[in-house]
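Welcome, and thank you for taking a look at this protein chain with us. Please have the sequence and the model open as you read.

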Amino acid sequence: IIRPPHLYRKITMPRTSMKLLCLTTAALVGQVACSIVADIQEGRVGKKKLEIVLAQYNEDLGWSDKFAPVRTVYCKGQSCPSHSTRLPNVGREGHTFLWHLVHHYDDLADWTVFSQGEEPSEGYFGKGRGGGHLLNGVTFEDYLEPHGDSKFLMSSKVHLPTLAHSLRSTFKVSPDDDDEFLGTSDPSHTCPAGGMDAWGPYKAQLWLSDFLSQKCGVETAAISEALRVFWEDTLDMPLPPGNVVHFSQGARFAVSRERLHQRPRSFYESLLSMLESEDDGCFSYIYEWAWYYIAGKPVEAPCQLDGQEATGDLEELESAERALSRWTDNQQGGVSGGISGGGTAKTPEIEFVGKAPKLKIYPNGGKAANSSWMMLTFGKIQEVDEDGKAVSARSINSLASEKDITWSQVDMTIGGAAAQVVTMTLPVEFKQSCKGDLAQPDSSSVTVEIVLFSEYATITYGSETFEVSPGQLKFNIESESWPFCATTDSLKFTLDIKMPSGS
C-alpha cells in the first residue's frame, strides 16, 4: 500500500543463492522448509496444528498448492476456486483475517499464518508493479514453524505524529535492486539484526496525510489525534514508545492460538464491524500498521528505538514535522486546496470549452458531483529578450487564433496511479526573420502535457520525487528547436487559471 523512496545502499560481499529444495542438505533453512512441507503433504501436520489463511481476490494461488492440506482460502474476486469461502469484497485483507478470527475463534489452529493471495516474493515495487513483500533472505516457509507466540518480520516503521516512514534495508523497493547490495535478513529476527540489516532514514510521506484525511473523513491536521484515539480507545493500549509503530508491509504474519486468545472474540467482532461497510476505506490501511497489536495484547513494542528516536528529537523526524506543517498549511488554501477537493475521492473530469485552447477541470467528478472547477486558458507564447520585451517576429499573441492546434486525451497509469493525460501540440512556422524581413520559414513545435490524477501516487520526474493525490494536476511544456533570435532570449508562456468563488 505504502512505497517509500529508495534508501541508501551499502556494498557487501556476494552471497550464494540458496534454493529451498528437498535435496538441499547444506542449508539448514532449506532442511527446515522441506521438512515442514513434507510433513504437510504426508499428513503429519494438519489444520489442528497449522493453518494458512489466504486473502484472495483474483490472484493465482498455484504457488500455495503444496500447502493445500492446511490452506484456507477466502475469495473476494470474480472467479473463486471451489475450495474457497466467498466473502463480500469489502475491507481488503483485514476484513478477511478478522472474519476468520471471529468465525473460528473456538477452533483456531495451534499456529495460524495470515497472508495475502499474491505469491510471496522479495520487496514491493508499487501497485501493479510486483513484489510479494518478503524481506531479502526470507521465504514463506519461514513463517510455518512456530517461533515464540508469533512471527512478525518488520519491514517498516511509521512515526504516527508525522506519518514519516523508515524502511528496512533488506526490503526491496525496485526490481532492479541487487541482492548483493541489500544485505540479508535472518528470519529468526523480528527486527534488524545490525550490519547490513538495518533501518533506513525516516522519509516524510506527505501524500499519506491527504490520503488518510480523505479515507477517514478527518482534517489533515487532526490525523495524529485520530490515530491516538484509535490506539488508546479501540485497541485499548497506550501508544508505542516514541509513537513509532513497527509493521510488516503486505500484512503477512503468524500467530499462536494462545496469543490470539489474549483478546476476546468481541474485540475482533468490533474491529470486523468497522470494515463491513468499507470497500477500500480508512481502517483497511490502519489495520496493516496495527496487526502486531491487534493479534493479541503484547506487553512491549517489537523493536527497540534509539535515544533520540524515542524522544522524537531525531532530526529526520523534526524535518518531517516541519514538512507536514507546510503541507497542511498549503492544503488549507490556495490553488492546491482548491483543486484537491475533499471527502471521498471521485474520478476527475476534463471538459473542452469551445474551439479555443481552454479546459475546464472538475477535480471531484464532474458537474453533477461538485460545483468545484478550474478553467485553464492557454494564451500567448512569446520570445522575450533579456529586458523582457517581446520579439515580435517570434511571438504568438493568441493561441485561440491558431488553426493547427491538435488535442488528444488518453487514460494512463503513471507511478501506479490512474490519470487522464491531455496533450496540446502546436506546429509553428515563422515567416519573418528576426529583423522582421521576409525570410525562409523557421519551424518549431510546442507541446503542452496536462496530467490529472485520479489516485494517490509517488512520482519520479528526473531526479525529483513528489507526491500527488486525486484531483491534483501537473503539466509540462516542451518546445522543440525553437529558432531563438538571440542566445540571451527566453520563452514566455501565458496560462490563465480561473476558479469560482469558494472553490
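A crossing of two helices is called left-handed if the near helix is turned anticlockwise from the far one by less than a right angle, and right-handed if clockwise. With that in hand, the crossing of H7 and H8 is left-handed. Helices (H or I, at least four residues) and strands (E, at least two) are DSSP runs, numbered from the N terminus.

A word on the source comes next. This is a predicted model, in which local features need pLDDT of at least 70 and side-chain atom pairs count only at pLDDT 80 or more, while totals for chains, interfaces and linings use all residues. Residues are numbered from 1 along each chain as its sequence is written, and side-chain values use heavy atoms, with hydrogens and water left out.

**The chain as a whole**

The chain folds into eleven helices and 20 strands. Of its 503 residues, 49% count as buried, where buried means under 20% relative accessible area, exposed over 50%, and partly exposed in between (1.4 Å probe, protein chains only). Take the contacts (heavy atoms within 4.5 Å) between residues at least 6 apart in sequence: 64% of them join residues at least 24 apart.

**Helices around H8**

Two packed helices are described by the angle between their axes and the distance between the axes. Axes here are lines fitted to C-alpha atoms, for helices over the stretch in contact, and angles run from 0 to 180 degrees between N-to-C directions. Angles under 35 degrees count as roughly parallel, over 145 as roughly antiparallel, 65 to 115 as roughly perpendicular and the rest as oblique.

| Pair | Angle | Axis distance |
|---|---|---|
| H2 and H8 | roughly 60° | within 7 Å |
| H5 and H8 | roughly 50° | within 12 Å |
| H7 and H8 | about 165° | 11 Å |

Helix H2 spans residues 92–103 and helix H8 spans residues 282–294. Their angle makes H2 oblique to H8, and H2 passes H8 in a left-handed crossing. On the H2 side, Arg 92, Glu 93, Gly 94, Phe 97 and Leu 98 meet Ser 284, Tyr 285, Tyr 287, Glu 288 and Trp 291 of H8. This contact has five nonpolar, two polar and three charged residues. In this sorting, Ala, Val, Leu, Ile, Met, Phe, Trp, Tyr, Cys and Pro count as nonpolar, Asp, Glu, Lys and Arg as charged, and the others, Gly among them, as polar.

H5 is also oblique to H8, but the crossing of H5 and H8 is right-handed. Leu 227, Phe 230 and Trp 231 in H5 meet Phe 283, Ile 286, Tyr 287, Trp 289, Ala 290 and Tyr 293 in H8. The residues of this contact are nine nonpolar, no polar and no charged.

H7, in turn, is roughly antiparallel to H8. Its Phe 267, Tyr 268, Leu 271, Met 274 and Leu 275 meet Phe 283, Ser 284, Tyr 287 and Ile 294 of H8. By class, the contact of H7 with H8 has eight nonpolar, one polar and no charged residues.

**The nonpolar cores**

A nonpolar core is a set of buried Ala, Val, Leu, Ile, Met, Phe, Trp, Tyr and Cys residues joined through side-chain atoms within 4.5 Å. The largest one has 54 residues, and those with the most contacts inside it are Leu 98, Trp 231, Tyr 268, Trp 289, Trp 291 and Ile 294. Elements that give two or more residues to this core include strand S1 (50–56), helix H4 (206–216), helix H5 (223–234) and helix H7 (265–275). Its largest share, ten residues, comes from H8.

Which residues is Leu 98 in contact with, leaving aside its neighbours within four places in sequence? They are Tyr 268, Leu 271, Leu 272, Leu 275, Tyr 287 and Trp 291. A second, separate core of 26 residues includes Leu 50, Val 70, Tyr 143 and Phe 171.

Leu 163 sits in the loop between strand S6 (156–159) and strand S7 (164–167). Its phi is near 65°, a positive value in a residue other than glycine. Leu 163 is buried, with a relative accessible area of 2%.

Asp 236 lies in the loop between H5 and S8, and has a phi near 55°, again positive in a residue other than glycine. Asp 236 counts as partly exposed, at 48% relative accessibility.

Met 412 belongs to strand S14 (residues 406–414) and is partly exposed, with a relative accessible area of 39%. Not counting residues up to four places away in sequence, Met 412 touches Ala 417, Ala 418, Ala 419 and Val 421. Met 412 and Phe 453 are 41 residues apart in sequence and 9.5 Å apart in space, C-alpha to C-alpha.
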